[in-house]
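Here is a short tour of how one part of this model is packed together. Have the viewer open as you read.

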Amino acid sequence: MKSAEEFFGRTPEADAYAPGRVNLLGEHTDYNLGFVLPIATPQRTYVALSHSANGLCRLYSATLDQCVSFERGGDLPWGFASYIEGCMRMVDEYGVRVPSLDVYVDSTVPMGSGLSSSAALEVAMLRAVRKLLGLEFDDVALAKMAQQAEIRFAGVMCGLMDQMASSVADREHMLFLDIRSLERRLMPLPEGSELIVIDSGVPRKLSASKYNERRSECEQAARLLGVSSLRDAPGLAQIERLPQPLRARARHVFTENARVQEAGGGVDAVRFGELMNASHQSLKDDFEVSIPALDRLTELLRAQEDVYGARLTGAGFGGACVALCRKGVAAGVSARVLMQYNDGGQQGRILLPESASPV
């Protein structure tokens with residue numbers, strides 16, 4: 001793995017980091033303008049920039065050991081380079097033309113695990129561009145630009161939670177966020193608790209999943225209910241009159257918003273775990289985004305004496321599970337669960353509490 005200096009032959013002019021995130025509650029509520037409760041992870045993405053030496057953008061991913069060259073403003077480049085060009089085009093629209101750049105990327109945020117490696121890449125890139133060009137957009141504006149880059153240039157109709165978490169959250173506090181108003185506050189984890197995150201070993205890619213289909217179903221349900229967003233659904237009685245699968249989709253969003261708001265009001269670890277368990281059941285039954293591997297992981301985690309609750313994290317269709325456990329036991333519990341899980345032939349791995357390798 002080469003450093004930026006080794007690959008491009010000079011010291012970067014600007015650089016920046018951004019964390020991944022684990023969502024604790026509030027899945028598929030962000031694009032319904034509801035409430036979410038993520039926390040930043042110790043894993044981070046690093047981006048370093050310099051003005052191009054040859055007029056072309058050159059992008060090197062140390063993580064993938066891949067290099068892509070492309071012309072600014074031309075055809076959208078393939079793969080991860082589309083996120084980089086998408087971010088630069090959003091800055092163009094902000095009113096400052098981004099020149100051709102040499103871009104170095106390294107990351108410990110795992111891809112395909114539901115920890116939002118894409119948002120970490122977008123936010124780190126925009127932070128580095130902001131520093132390089134001396135721009136003045138704030139962290140919320142940056143998150144919005146990152147979201148639009150993913151929607152318009154990667155084809156994922158995402159909400160704003162991931163980019164806000166990467167832009168304004170930290171790893172010591174949960175971020176209670178109202179997506180509609182963007183009012184937010186940082187909250188500690190329930191007293192005496194800590195987190196476990198285990199990757200199922202089943203990678204997921206939202207652009208190749210039914211993620212956009214779920215969003216479309218939520219929009220259809222909102223129209224039938226006569227509201228602009230499912231955040232404003234009038235109640236379960238009216239939701240139960242909807243046809244399937246819209247009824248189930250709306251029921252998940254309605255109950256998930258209620259779970260986040262309850263947790264945001266302050267609950268103990270036992271109750272927080274119950275809310276996580278209920279969230280996973282709703283994601284499995286009503287939103288239909290879980291898979292057998294994620295269900296198996298949550299069952300194994302919940303069977304541990306010191307675990308309060310567990311659920312899939314991220315949009316589903318693969319990725320990781322998160323659990324809340326008694327403080328001080330996460331390493332032992334996660335090791336036991338992983339051993340049991342992988343005995344069935346899976347390829348799971350612990351993402352927390354293992355510390356991330358330094359970038």
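In the largest nonpolar core, which has 43 residues, I196, L230 and L301 touch the most other members. Such a core is a set of buried Ala, Val, Leu, Ile, Met, Phe, Trp, Tyr and Cys residues joined through side-chain atoms within 4.5 Å, where buried means under 20% relative accessible area with a 1.4 Å probe, protein chains only. This is a predicted model, where local features need pLDDT of at least 70 and side-chain atom pairs count only at pLDDT 80 or more, while totals for chains, interfaces and linings use all residues. Residues are numbered from 1 along each chain as its sequence is written, and side-chain values use heavy atoms, leaving out hydrogens and water.

- Leaving aside residues up to four places away in sequence, L301 touches I196, I198, V307, A310, C321, A323 and V337 (contact means heavy atoms within 4.5 Å).
- M88, V91, L121 and A149 are among the 37 residues of a second, separate core.

**Helix α10**
- Its buried residues are A293, L294, D295, L297, T298, L300 and L301.
- The cover over these buried residues of α10 includes β8 (193-199), α9, β9 (307-313), β10 (320-326) and α11 (330-342).

Definitions and conventions. Buried means under 20% relative accessible area, exposed over 50%, partly exposed in between (1.4 Å probe, protein chains only). Helices (H or I, at least four residues) and strands (E, at least two) are DSSP runs, numbered from the N terminus.
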